[in-house]
Amino acid sequence: MSERIVVVGFGPVAARLVDELVPAVRGGLVQLLVVGQEADAAYNRVMVAELGVGRTTAEALAMADAGDLAADGIEVRLGVTVKRIDRARQQLVLSDGTTPPYDRLVFATGSRPVIPNLTGINPDPSHPVLPLGVTALRDLRDAAQLRDAVTSGKRVIVLGGGVLGLETALAAAEEGALTTVVHNGSFPLGRNIDRGGGAVLAASLRNSGITMVGNARSTAVEHNGPDGKFSALVLDDGSRIEGDLLVLSCGVRPRIELAEGCGLPAATGILVDHHLRTYHEPHMFAIGDCAEVRCADTECAECRTALGPSGLVGPGWRQAEWLAEYLILLAEGGQGAADTLAPLPQEKPGVVVLKARGINLAVAGDNSAEPWDDELLSVGVSAGMPRRQVAQWADPEHGRYVKMTTRGGALEGLVTVGMPRTAAELVMLFERGSELPADRSLLLRLDGPDQLDSSASSDDPQRTVCRCAGVSGASIEEAVLDGCSSVPEVSKATRAGTGCGGCHGDIKGIIEKHFQGVAA
Ligand SMILES: Cc1cc2nc3c(=O)[nH]c(=O)nc-3n(C[C@H](O)[C@H](O)[C@H](O)COP(=O)(O)OP(=O)(O)OC[C@H]3O[C@@H](n4cnc5c(N)ncnc54)[C@H](O)[C@@H]3O)c2cc1C
C-alpha cells in the first residue's frame with residue numbers, strides 16, 4: 001500500500017518538496033495531500049516586495065499550479081487551515097470540517113510577521129487586526145496594498161531597519177513613493193552591521209531619496225476619517241510621522257503553534273534532528289522557516305552552535321530536497337533503506353546581501369571587533385587562538401566602506417558597502433574559509449576604475465552563483481553548453497535565479513561570456 005503523506009502549509013519550501021515528490025506520486029509509491037491556508041498555490045514569497053512595487057507579476061512568482069498537481073494525482077486544498085493534529089489517531093482536523101489521516105506528516109508552516117505592540121493595532125499574534133493602510137508585507141494581498149500606494153506616489157513609512165525593510169523602502173522610493181524608514185537603533189541593519197558600515201549605508205539610503213528616522217521608538221498609529229485609515233505613526237517623544245501606508249517590517253516568528261498544540265517540542269522553531277524528524281515522532285518532519293535543526297544529543301557540537309531558523313528560503317529548499325529523497329527511500333524500502341541516506345549537511349553561515357538596484361551591500365559573520373580594540377593590539381596569540389585582525393577602509397563621501405575581520409588570515413566577518421567586486425571576492429573567501437592576501441588593499445583595488453572584471457571570484461567555476469538554490473558557476477556553464485541562452489532558460493534547467501533573483505546579472509554574464517567565446 002502507498003504511504004499517505006500530508007504537507008501542512010503551501011509556501012515556497014512546501015512547493016519544492018511537492019515538486020520532488022511528483023514522480024513518487026505518479027508511480028503510486030505515495031499519496032500526497034497538501035493543505036494551504038492561503039487562497040493561492042505556492043508562490044515565490046521572496047519577491048513579494050518586487051511585486052508590490054510593480055517590477056514583476058503574480059504569474060512570474062507562481063511556483064505551483066493546483067490544476068497540474070491534481071492532474072498528477074496530488075490532492076491540494078487551498079484556503080484551508082489545519083486546526084489541530086490528533087497524534088494518537090494520526091489524523092488532521094481541518095477548517096473545512098474534514099479529518100484526513102496521515103502516515104507521515106511534514107510541517108511547512110513557515111513564519112509570520114512580528115506585529116509590534118502599538119496603540120491602534122490589535123497585537124493578537126495569530127489574528128492581528130491591522131487597520132486600513134497598515135501592512136506587514138508577507139503575502140500577495142499585502143503586495144497589492146503596496147502597489148496601490150506606489151502607483152499613486154503616496155507616502156510610505158517602513159517601520160524597521162532590517163534587510164526586508166530596507167529592500168522594500170529602496171524599491172518603493174525608486175518607483176516613486178515618498179519613503180521614510182523608522183528604526184530604533186542609531187543606524188539601520190543594527191543586528192548585522194558595524195557602526196561604520198551602518199553610517200555609510202544610512203547616508204547611501206538618504207542619497208537614494210529615503211528619509212531616515214533613527215533612534216526612534218514608535219508607540220501608536222493614528223487613523224483618520226470614517227474608514228479609520230492609517231494617517232500617522234506616533235513616536236515616544238510625541239512627534240508624528242504622517243503617511244498613507246505603514247509597512248511593518250519588524251522581523252518574523254516561526255509558526256510553531258500547530259506542532260506545540262499536539263505536544264511536539266519547539267524552541268524558536270519546531271525542533272528537529274539531522275533527519276528533520278520531530279522529537280518523539282520520527283514520522284513527523286518540519287522544513288523551512290518553521291523548522292529548527294537542533295538534535296536532542298547534548299554532545300552534538302554542530303547543534304551547540306546552531307542559530308535557529310534562518311528565515312531564508314535557500315536552507316528550506318535544501319531541506320525539502322533532502323526530505324523528498326528520504327521519504328521516497330522510506331516508501332520504497334522502509335527505515336533500513338532511508339538510513340542509507342547521509343544526514344542533511346549543516347548550513348554554512350549566512351551572507352546578507354541587499355536586493356537593491358542602487359546600493360550594493362554584503363555582510364557576513366561577526367563584525368563587532370574594531371581595529372583599535374585592546375585584544376587586537378596585544379602581541380601574540382589570545383587564548384591559544386591566532387589573534388583577530390581588523391582591516392577597515394571608509395570613503396563615506398562616495399558611499400564606500402569595507403571591513404574585514406580575520407583570524408589566522410581567514411575571514412570571521414565582513415562588511416562591504418558600495419564595493420560590488422570586493423564584496424563578491426570577500427564573500428567567496430568567507431564561504432571557503434580561505435586566507436586573504438597579506439596586503440588587504442589588493443582586495444579594495446578590485447573596485448578601482450582600472451580593474452577589468454577578472455577577480456578570482458568571477459572566474460572560479462566552483463563559486464556559488466545562486467545562493468538561494470545553491471547553484472555553482474560550473475552548473476550554469478554546463479546548462480549554457482547544453483543550449484540555454486537566456487536567464488529564464490538557465491533558471492528552468494538549474495533552478496539558479498529562482499529565489500531572490502539577485503544573481504540574474506551574474507547568470508547573464510556567464511551566458512554572454514560563453515557566446516562571446518563562441519563568436520571569437
Ligand atoms: C518581502 C520578503 C522578502 C524576502 N526576501 C528574502 C530573500 O531575499 N532571501 C531569502 O532567502 N528569503 C527571503 N524572504 C524569506 C522567505 O520568503 C522565506 O524564507 C520563505 O518564504 C520560507 O518558506 P516556507 O515555505 O518555509 O514558509 P512560508 O513562505 O511562510 O509559507 C508557509 C505557508 O504555510 C501556511 N500555513 C501556516 N500554517 C498553516 C496551517 N495551520 N494550515 C495550513 N497552512 C498553513 C501559510 O499560510 C503559508 O502559506 C523574504 C520574505 C519576504 C516576506
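Helices (H or I, at least four residues) and strands (E, at least two) are DSSP runs, numbered from the N terminus. By that naming, Gln 90 sits in the loop between strand E4 (82-86) and strand E5 (91-94). The model is predicted.

**Helix H1**

- Helix H1 covers residues 12-26 and has 15 residues. From first C-alpha to last, H1 reaches 21 Å, close to the 21 Å expected at 1.5 Å a residue.
- H1 is bent by about 40 degrees at Glu 20. A proline, Pro 23, follows within four residues.
- Of the 15 residues of H1, 11 are buried, so the helix is largely enclosed by the rest of the structure.
- Arg 26 is exposed, because its relative accessible area is 57% and exposed means over 50%.
- The C-alpha atoms of Arg 26 and Val 471 are separated by 27 Å. Along the chain, the two residues are 445 residues apart.
- Just after H1, Gly 28 takes a positive phi of about 80 degrees.

**The cavity**

- The model has one cavity of 30 Å³ or more. About 40 Å³ of space lies in the largest cavity.
- The lining of the largest cavity consists of Phe 10, Ala 15, Val 18, Asp 19, Met 63, Ala 64 and Leu 69.
- H1 supplies three residues, the largest share of this lining.
- Six lining residues are nonpolar and one is charged. None is polar.

**Helix H7**

- Helix H7 covers residues 195-207 and has 13 residues. H7 reaches 18 Å from its first C-alpha to its last, close to the 18 Å expected at 1.5 Å a residue.
- The buried residues in H7 are Gly 197, Gly 198, Val 200, Leu 201, Ala 202, Ser 204 and Leu 205.
- They pack against helix H6 (163-174) and strand E11 (211-213). Strands E22 (361-365), E24 and E25 (410-417) are also packing partners.

**Buried residues in strands**

- Val 402 lies in strand E24 (residues 400-407). Its relative accessible area is 1%, so Val 402 is buried.
- Leaving out residues up to four places away in sequence, Val 402 touches Ala 391, Gln 392, Trp 393, Val 415, Thr 416, Met 419, Thr 422, Leu 426 and Leu 444.
- Val 402 and Gln 37 are 365 residues apart along the chain. Their C-alpha atoms are separated by 44 Å.
- Ser 231 is in strand E13 (residues 229-235). Ser 231 counts as buried because its relative accessibility is 12%, and the cut-off for buried is under 20%.
- Beyond four places in sequence, Ser 231 touches Glu 222, His 223, Asn 224, Ile 241, Glu 242 and Gly 243.

**Loop residues**

- Leu 137 lies in the loop between strand E8 (134-135) and helix H5 (140-151). With a relative accessible area of 16%, Leu 137 is buried.
- Not counting residues up to four places away in sequence, Leu 137 touches Val 48, Ala 49, Asp 142, Ala 143, Leu 146, Thr 168 and Val 247.
- The C-alpha atoms of Leu 137 and Asp 148 are separated by 13 Å. The two residues are 11 residues apart along the chain.
- Gln 90 has a positive phi, near 50 degrees, and is a residue other than glycine. At 25% relative accessibility, Gln 90 counts as partly exposed.
- His 280 is found in the loop between strand E18 (277-278) and strand E19 (281-286). His 280 is not a glycine, yet its phi is positive, at about 75 degrees.
- His 280 is exposed, with a relative accessible area of 64%.

Methods:
Residues are numbered from 1 along each chain as its sequence is written. This is a predicted model: local features need pLDDT of at least 70, side-chain atom pairs count only at pLDDT 80 or more; totals for chains, interfaces and linings use all residues. Side-chain values use heavy atoms; hydrogens and water are left out. The expected span of a helix is 1.5 Å times one less than its number of residues. The bend at a residue is the angle between axes fitted to the seven residues ending there and the seven starting there. Buried means under 20% relative accessible area, exposed over 50%, partly exposed in between (1.4 Å probe, protein chains only). On a 1 Å grid over the protein atoms alone, a cavity is a set of points where a 1.4 Å probe fits but cannot get out, and a pocket is an open set with protein on both sides within 12 Å along at least five of seven lines; lining residues have an atom within 4 Å of a point. Grid points are joined across faces, edges and corners, and a volume is the space filled by probe spheres set on the points. Ala, Val, Leu, Ile, Met, Phe, Trp, Tyr, Cys and Pro count as nonpolar, Asp, Glu, Lys and Arg as charged, and the others, Gly among them, as polar. Contact means heavy atoms within 4.5 Å.
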